[in-house]
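Open your viewer and get ready to click along.

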Amino acid sequence: MVRGLYTAWTGMINEQKRLDVISNNMANADTTGFKKQGVTSQAFDDELTIRIHDNNAYNATRKRIGNMSLGVKIGETYHDLSQGSLRETGNTYDLALSGDGFFTIQTTNKQGVTSTKYTRDGSFTVNVDGYLVTKDGDYVLDTNGNRIRIPGAQTAANVAFDQRGNVIVDGRTIARLGIADFANPQALLLYGENMYEATPEAGLRASTATVHQGYLEMSNTNVIKEMVDMITITRAYEAGQKMVQTVDSTLQKSVNEIGKV
């Protein structure tokens with residue numbers, strides 16, 4: 001193995017993965033409730049380097065001469081759950097959360113299996129049956145895990161949501177939004193459709209988030225910062241390419257010139 005080639009290759013692969021994450025962040029810069037991801041890098045475990053075939057009589061055994069690193073790799077991909085800005089819409093069923101927490105959603109896959117997912121996207125509406133749903137038709141759940149049906153939603157009912165998540169119709173509380181928090185949110189898995197799937201390691205717990213009716217939380221992606229990071233990644237990738245070309249030209253000289261001597 002040519003160490004220089006391998007080190008440069010791991011660096012280029014690492015930058016490709018970082019670029020994938022940043023591209024996804026930028027693509028969702030206008031997605032309601034989207035939380036960007038970040039990436040950390042770390043070196044591979046150091047390998048012990050020893051000297052072999054040493055003709056020195058005092059070094060009859062192999063001699064340790066130090067450690068060497070074999071390149072870089074992705075350490076972890078993490079969720080940046082910092083608060084996004086709130087945009088006023090004035091719509092009755094647009095809800096935003098400030099603080100730590102997620103709306104609880106019931107989804108059904110193509111096989112007809114229902115499961116619970118979590119999202120910060122509060123752009124809700126009411127279907128023809130009067131149930132509070134997401135824009136994709138998934139049901140919003142209350143604190144007991146039940147679907148929320150709003151009586152008179154298709155007529156002139158006065159629907160309000162207070163800061164604790166209580167659903168109030170014509171002055172009467174009918175349900176409370178199921179808002180969940182997690183002790184270890186980094187253990188959440190991306191499900192798609194701007195939702196997360198909980199794992200046992202996430203540690204489900206009650207949330208103290210505040211609900212704002214008539215508002216939507218915007219993505220917490222900073223497009224300018226992401227573009228600067230993208231430029232940095234591009235330059236690092238180009239540096240890896242130049243290193244590969246340099247090592248390749250050195251090997252070419254070794255084969256075509258030194259090998260002829």
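## Stop one: a glutamine in a strand

Begin by selecting Gln106, which lies in strand β7. Keep in mind that this is a predicted model. Is Gln106 buried or exposed? Its relative accessibility is 17%, and because buried means under 20%, Gln106 counts as buried.

Now show the side chain of Arg147 as well: the side chains of Gln106 and Arg147 are joined by a polar contact of 2.9 Å.

## Stop two: the nonpolar cores

Next, select Tyr93, Phe124, Leu132, Ile148, Ile150, Phe161 and Leu177. These residues have the most contacts inside the largest nonpolar core, which has 22 residues. Which strands each supply at least two residues of this core? They include β6 (95-98), β7 (102-108), β12 (159-161) and β13 (166-169).

Zoom in on Ile148. Not counting residues up to four places away in sequence, Ile148 touches Gly130, Tyr131, Leu132, Val140, Leu141, Asp142, Val167, Ala175 and Leu177.

A second, separate core has eight residues, so try picking out some of them: Ala180, Ala187, Leu188 and Ala202 are among them. In soluble globular proteins, nonpolar side chains tend to be buried together.

## Stop three: helix α2

At the N-terminal end of α2, find Asn222, which caps the helix: a side-chain oxygen of Asn222 lies 3.2 Å from the backbone nitrogen of Ile224.

Then colour Glu226, Ile233, Gly240 and Val247, the buried residues of α2. What covers them includes α1 (3-27), so show that helix too.

## Last stop: the whole protein

Zoom out and switch to a cartoon view. The protein has two helices and 20 strands. Of its 261 residues, 35% are buried. Among contacts with a separation of 6 or more, 64% are between residues 24 or more positions apart.

Technical notes
Residues numbered from 1 in each chain as written. Predicted model: local features only at pLDDT ≥ 70, side-chain atom pairs only at ≥ 80, totals over all residues. Heavy atoms only, no water. Buried < 20%, exposed > 50% of the residue type's maximum accessible area, 1.4 Å probe, protein only. Helix = DSSP H or I, 4+ residues; strand = E, 2+ residues; numbered from the N terminus. Contact = heavy atoms within 4.5 Å. Polar contact = N/O pair within 3.5 Å; in protein donor to acceptor, adjacent residues only side chain to side chain. Core = buried A, V, L, I, M, F, W, Y, C linked by side-chain atoms within 4.5 Å.
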